Amino acid sequence: MICQLVGAALLLSAVGVLAQVPAVSSGPAPVSKPAPRPKFDAFEVATIKPVAPDAKASRYIVMQGSSRFVEKDYTLKLLIAAAYDLNPRTILGGPAWIESDHYDILAVTPGEVRPTRDEQMSMLRNLLADRFSLNFHREQKEFSIYVLEAAKSGSKLKPSTAPPDDPAKLISTVYPQHILLPARNTTMGEFASLLQRAVLDRPVVDQTGLQGRYDFDLQWAPDETQFGGEVPVAPSDAPAAPLFSAIQDQLGLRLIATRGPVNALVVDKAERPSAD
């Protein structure tokens with residue numbers, strides 16, 4: 001926000017009465033301390049509403065402004081995947097409705113500071129425990145996975161020009177024949193996390209060894225294994241390349257299919273939330 005200083009007009013009376021103006025200090029202006037960052041332990045208020053499974057609404061989680069958390073058309077299983085940074089296939093157990101019932105969430109976050117994604121997910125985890133009575137345990141199991149690594153020719157990624165403390169931006173846009181993913185100030189861990197949570201059909205393990213933050217634009221033609229089958233498959237003559245080729249050609253990375261241990265989440269208890 002840009003603040004404008006408005007000068008006050010000094011009026012002199014017709015009889016020559018002189019107005020006294022306080023002296024202006026030539027020293028540095030006092031520095032105001034920023035407001036303390038709130039604890040993002042839980043949402044201040046949250047409304048959960050069921051959505052018809054055939055509503056065909058866009059599915060997303062987004063912050064609107066600094067304190068409005070909006071989630072659209074997620075099942076409980078997908079909410080767990082987002083909150084705990086998991087591929088949905090590694091979430092086991094629980095009643096059948098956690099994969100069939102869809103929900104919208106509208107929540108208000110504490111204070112006036114926009115929470116980071118990690119802080120948003122921390123509050124979402126609290127909400128799942130409180131409103132869905134979610135209880136679970138962890139078990140290590142072997143799954144089909146993808147390993148993300150640098151291609152033999154080397155990475156093509158360029159360091160980000162954003163300030164280091166700026167939040168990462170990773171939002172994919174679906175077009176009729178391709179997906180566009182602009183990434184800004186993003187780590188490889190965050191990129192792998194997005195791939196496994198929202199794009200690919202199995203967990204993704206980052207083994208690139210790249211520690212920096214990067215800006216890049218990835219474009220590809222989706223197939224039936226991506227986005228849970230909810231995004232139309234691109235035609236064979238689509239101008240964009242398939243994801244695996246696009247990642248190698250555009251980013252200098254590659255995805256290798258293999259098997260490996262994953263710390264799965266096993267749902268012991270879950271209840272439908274009560275009506276608001």
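The model is predicted, with local features requiring pLDDT of at least 70, side-chain atom pairs counted only at pLDDT 80 or more, and totals for chains, interfaces and linings using all residues. Residues are numbered from 1 along each chain as its sequence is written, and side-chain values use heavy atoms, without hydrogens and water.

I begin with the aromatic rings. For a pair, rings of Phe, Tyr and Trp (its six-membered ring) have centres within 6.5 Å; planes under 30 degrees apart are stacked, over 60 edge-to-face, and the rest tilted. One of the pairs is Phe-43 with Phe-69, which is tilted, at 4.9 Å centre to centre and 40 degrees between the planes. The pair links distant parts of the chain, 26 residues apart: Phe-43 is in the segment before strand 1 (45–51), and Phe-69 is in strand 3 (residues 68–75). Helices (H or I, at least four residues) and strands (E, at least two) are DSSP runs numbered from the N terminus. Both Phe-43 and Phe-69 are buried, that is, under 20% relative accessible area with a 1.4 Å probe, protein chains only.

Tyr-103 and Phe-132 form an edge-to-face pair, because their ring centres are 5.3 Å apart and their planes stand at 85 degrees. Tyr-103 belongs to strand 5 (residues 102–108) and Phe-132 to the loop between helix 2 (117–131) and strand 6 (135–150), so the pair ties together parts 29 residues apart in sequence. Tyr-103 and Phe-132 are buried as well.

I turn to charges over rings (NZ of Lys or CZ of Arg within 6 Å of the ring centre and within 35 degrees of the ring normal). The charged end of Arg-59 sits over the ring of Tyr-74, 5.5 Å from its centre. Arg-202 places its charged end over the ring of Tyr-146, 4.4 Å from the centre.

Four strands make up an open sheet of mixed pairing, in the order 4-13-6-11; strands pair if DSSP finds at least two bridges between them. Its edge strands, each pairing on one side only, are strand 4 (91–93) and strand 11 (204–206). Strands 6 and 11 pair in the parallel sense over three bridges. Leu-148 has Asp-206 in strand 11 as its bridge partner.

How values were computed
Buried means under 20% relative accessible area, exposed over 50%, partly exposed in between (1.4 Å probe, protein chains only).
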